[in-house]
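Colleague: Could you walk me through how to read a few features of this model? I'd like the general idea each time, then the case at hand.

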Amino acid sequence: MPQPEFIQERLKSLNTIDDLLLATLLHASQAVGTIEELKRGNENMKPQFENHARSFYNSLEEATVGLRREIKHLDENVGTRLLPINVNKRATGQDNDKIREQFDKLENELKESS
Amino acid sequence: MTEEGANGRQTEDDGMRKIPLAIDPNLIRLIPSFVPPANDQDAEEKISEEAQKSMSSAQSLVNNPYESFGSMPLDQLIPIILQSRGIGSKFADLSEDTLMEEIAKESNTQVDTDGDVNMDNTEFASDADQQAIKPQQIEDSSPEDEESHVTQEQFQQLKLNTAQSLNLALNESSLALEFVSLLLSSVRPSAANASMSPFLKKTVPPASLNAEKIPAEKPKDTEILDRNLVTKGWKLRSLEESRILLKETHKALETSLETEHSYWSKVAHYISKKDVVFKMKDKETGEKSLGLKYGYEDSGSTYRQERGIAILRHNANKDNLEVIPSEKRQQSALGKDNSEKFMRVRIFNKIQEEDDYVLSGETSLEDLLVPNSITAGENDIRRQISKLQFIIFEKELMFHLKKESENLISYGVTIENENKVTVEFPTEKMEFEMMKLNDDLIMNHQQDAPKTNDRKASLILVMLRLLLVVMFKKQLKKKLLTGQKDFNANSKVSRFPESEALLLRPIMGKFRHGNYLNLLQKVIETYILEEVEGSTVVRVALGNFRSNEDYDEPTYDKHIVKLDREIRLFDQILQTPRTDLLVSLPASGKIEFSLQSSNYCNATTSVKYIDATDSTVFDTKFSNFKELEDFLHFIVSEYVKSNTAQV
Amino acid sequence: MSDRGLLEQLDRTTETLSHSLTHLVKYASITEDKGDEEDEHGTQEIPESTVRTSTAGLMMVNAQTAQLIRGVQDLLVMTRNIREKWLLTQIPDEKIDSQRELDYQKCSQLLEQWTQEVLGTDQG
């Protein structure tokens with residue numbers, strides 16, 4: 001019994017945000033790497049550094065915007081899909097499942113005999 | 001170079017240089033006794049204007065003083081000089097000697113007209129020198145004119161300010177002097193003593209201040225280079241470290257995110273809203289994880305040996321979700337037996353005249369417990385959960401069964417061991433055993449040939465489970481009736497004592513009742529039917545002792561109504577057994593027998609003798625068949641037989 | 001609303017994150033400026049002491065870089081929290097199952113049959 005479409009979508013979107021955050025880290029490391037090269041006197045790394053720095057801010061921005069949207073989604077769904085607080089859910093109704101299961105079994109057993 | 005030299009000369013001795021220039025023969029004539037202006041800005045401007053005039057019309061330069069040339073900038077002056085010397089002359093050609101010559105020539109010519117020229121010249125020169133100061137005074141007088149507009153008060157104020165500034169400067173300088181004197185006192189006490197103020201001498205002992213000159217350590221070039229190198233090295237190293245740290249974190253996070261994403265997508269696919277999932281720390285891995293409640297705690301179970309909580313763990317190797325009971329590790333660490341177990345029911349038949357039994361039927365292994373490699377994905381998770389639910393349910397079943405059995409020892413029930421309960425009947429024996437799920441069992445299942453009582457064993461097991469659910473339902477109803485508010489309270493266990501287990505008794509009670517009934521029928525046959533001719537025995541149908549409708553009357557909570565309906569389904573099974581028999585005696589009335597059990601296992605027979613006149617002669621109860629036999633014998637011989645004999 | 005807290009945290013973290021890289025870059029360029037000054041003023045500017053340099057370097061690695069990483073991790077934790085919220089605090093719809101009633105007649109019949117099967121027909 002998969003979760004409803006909407007929630008699957010949210011999870012997918014959160015995955016994308018994760019990837020963006022991850023990319024942010026990568027870009028940061030690349031930016032630092034190119035700055036290092038620049039300091040070593042490799043002047044033609046400058047455009048590369050700029051690219052990496054830009055990518056860093058771009059991915060960070062995208063992730064932040066995405067997260068903001070996701071938080072808004074949460075906000076909008078409290079009360080309709082979500083409970084406002086974290087309550088301890090209870091595993092009720094398992095007695096019903098079991099009784100049904102055993103009645104089915106009983107039926108099967110009795111059918112075989114007749 | 002010449003320009004520079006001229007420049008240098010000008011700065012060196014301005015006054016001196018004015019003289020030779022003034023003696024320029026072209027200009028000398030124009031010299032009336034005019035005051036040379038100072039190097040005041042305004043004057044200079046005036047002069048340059050006039051100089052220009054003089055350049056355009058040399059003749060009219062009546063007022064042009066020779067001094068004005070002296071204060072002219074060189075770049076203006078030199079062209080004028082050159083001009084006056086005629087075209088083709090070069091400034092570089094000018095030398096002191098030639099100029100001296102020229103002057104000499106000129107003075108010679110002038111001697112002719114005026115012998116005093118030389119004198120005049122010198123006189124003039126000195127005069128000019130004197131006059132050179134004058135203009136300054138004249139010039140200074142002009143600001144003074146402006147100051148004359150200053151009011152008396154302002155003047156006083158300015159005077160005061162000046163005096164103050166002077167005082168301050170004096171103080172500062174004397175302080176500085178004192179400082180120096182004091183400093184000096186350590187080396188040259190006499191000199192210092194002379195210059196130190198009396199106050200200082202009194203308050204500060206001489207030679208108490210010392211200073212030493214330390215040469216400012218100018219780092220050597222190599223040192224600077226060295227340090228710069230070190231600095232650069234450090235920065236590069238730090239950057240490199242930073243980069244590596246970022247990179248490695250990125251890498252680590254990348255892999256963990258991958259599993260994380262896979263985990264959540266699996267959870268989202270296989271875990272539904274219905275499942276009770278909550279945040280939980282995985283004690284084994286220390287990670288934050290999700291817990292899943294599979295136990296029946298919230299569904300009426302009173303079993304507390306296990307919590308019925310599992311962790312949804314992601315198995316990175318198999319890339320799937322695993323449902324792992326939270327107690328599994330703890331309990332195995334404590335040496336507790338927590339293996340997967342299930343209940344097996346076996347029926348043995350007693351071999352006639354021998355004290356031995358032969359297996360006649362047993363329950364088969366649940367399909368659920370057989371590992372199935374085909375099921376994957378969602379099915380696999382659901383199966384894992386179902387299996388856990390199944391196992392915890394079976395354990396609870398055994399738990400209650402054992403509790404119930406403790407009081408049934410006198411009725412042929414034996415608790416053989418922790419995992420086994422047997423119930424003996426005259427002709428057969430039932431065995432309820434918790435089996436460990438092991439490979440052998442799984443391998444051998446379905447291999448045994450079907451036996452006659454297999455189905456009976458299964459039916460009994462199904463009924464046991466159903467009865468456990470009924471226990472749950474009763475418990476739920478009890479909780480609902482007691483009020484929802486303390487539903488969650490910890491005290492619930494003590495507040496709601498476990499309802500009495502009613503699993504084995506209803507079932508074995510029915511068997512026992514059947515046996516009692518056979519016995520009773522035999523007794524009736526022996527003591528009545530065979531004795532009294534024409535007597536018959538019939539079974540009296542029992543009316544529905546409780547109408548279904550009775551329950552629905554007070555409509556509670558819909559949950560309670562539902563629970564009631566479900567519980568009522570089992571009334572027939574759970575009611576204590578009872579069979580009524582009616583023996584009709586021709587012309588001598590009837591005997592009503594009612595075989596009942598107060599606790600499912602015992603048997604009491606109530607006997608009611610009603611004679612032909614419809615009056616109740618005897619109404620009594622027996623729990624002992626021997627007594628019943630005697631009593632029946634008595635009735636038959638005393639009332640029935642005598643009656644028929646009389647007839 | 002708890003989501004306000006999330007938003008605030010998001011803002012804070014993003015700001016820190018964007019500053020972190022700036023700091024890193026600044027740290028690197030300070031070296032350059034210093035170097036230039038030294039060239040211009042000769043011995044006027046004494047290069048930083050090794051202690052200062054190393055401290056600054058360690059600071060950069062441990063503070064700024066770590067801050068950057070922590071910021072990203074914080075946001076990753078936030079996405080996880082949001083996931084948990086979606087999956088764990090859904091409003092359950094009880095009606096679907098618990099209110100579904102059994103087929104009482106059929107069940108009662110099955111139980112009857114059970115009695116007959118297990119105990120024989122002579123009981124009721």
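Colleague: How many residues does helix 6 of chain B have, and what does it reach from its first C-alpha to its last?

Modeller: Some ground rules to begin with. This is a predicted model, where local features need pLDDT of at least 70 and side-chain atom pairs count only at pLDDT 80 or more, while totals for chains, interfaces and linings use all residues. Residues are numbered from 1 along each chain as its sequence is written, and chains are lettered from A and ligands numbered from 1 in the order in which they are written. Helices (H or I, at least four residues) and strands (E, at least two) are DSSP runs, numbered from the N terminus. A helix's expected span is 1.5 Å times one less than its number of residues. Helix 6 of chain B (residues 74-85) has twelve residues and reaches 16 Å, close to the expected 16 Å. Just after helix 6 comes Gly86(B), with a positive phi of about 95 degrees.

Colleague: Which residues of helix 4 of chain C are buried?

Modeller: Burial here is a neighbour count: a residue is buried if 20 or more other C-beta atoms lie within 10 Å of its own, exposed if 12 or fewer, and partly exposed in between, with C-beta atoms placed from the backbone. In helix 4 of chain C, the buried ones are Cys107(C), Leu110(C) and Trp114(C). Looking down the axis of helix 4, these buried residues fall within an arc of 55 degrees, so they line one face of the helix; the arc is that of the directions from the helix axis to the C-beta atoms. Gly120(C) follows helix 4 of chain C and has a positive phi, near 90 degrees. Chain C has four helices and zero strands, and 27% of its 124 residues count as buried.

Colleague: At what angle do the axes of helix 1 and helix 2 of chain A cross?

Modeller: Axes are lines fitted to C-alpha atoms, for helices over the stretch in contact, and angles run from 0 to 180 degrees between N-to-C directions. Helix 1 (residues 5-39) and helix 2 (residues 46-77) of chain A cross at roughly 160 degrees, and their axes come within 8 Å. That makes helix 1 of chain A roughly antiparallel to helix 2 of chain A. The cut-offs are under 35 degrees for roughly parallel, over 145 for roughly antiparallel, 65 to 115 for roughly perpendicular, and oblique for the rest.

Colleague: And which handedness does the crossing of helix 16 and helix 20 of chain B have?

Modeller: A crossing is left-handed if the near helix is turned anticlockwise from the far one by less than a right angle, right-handed if clockwise. For helix 16 and helix 20 of chain B, the crossing is left-handed. Helix 16 (residues 454-482) and helix 20 (residues 558-568) of chain B pack at about 150 degrees, axes 10 Å apart.

Colleague: What about phi, where is Tyr600(B) placed?

Modeller: Most residues other than glycine have a negative phi. Tyr600(B) is not a glycine, yet has a positive phi of about 75 degrees. Tyr600(B) sits in the loop between strand 12 (589-596) and strand 13 (604-610) of chain B.

Colleague: Is Asp614(B) buried or exposed?

Modeller: Asp614(B) counts as exposed, because it has 8 C-beta neighbours inside 10 Å, whereas Tyr600(B), with 23, counts as buried. Phi of Asp614(B) is also positive, near 70 degrees.
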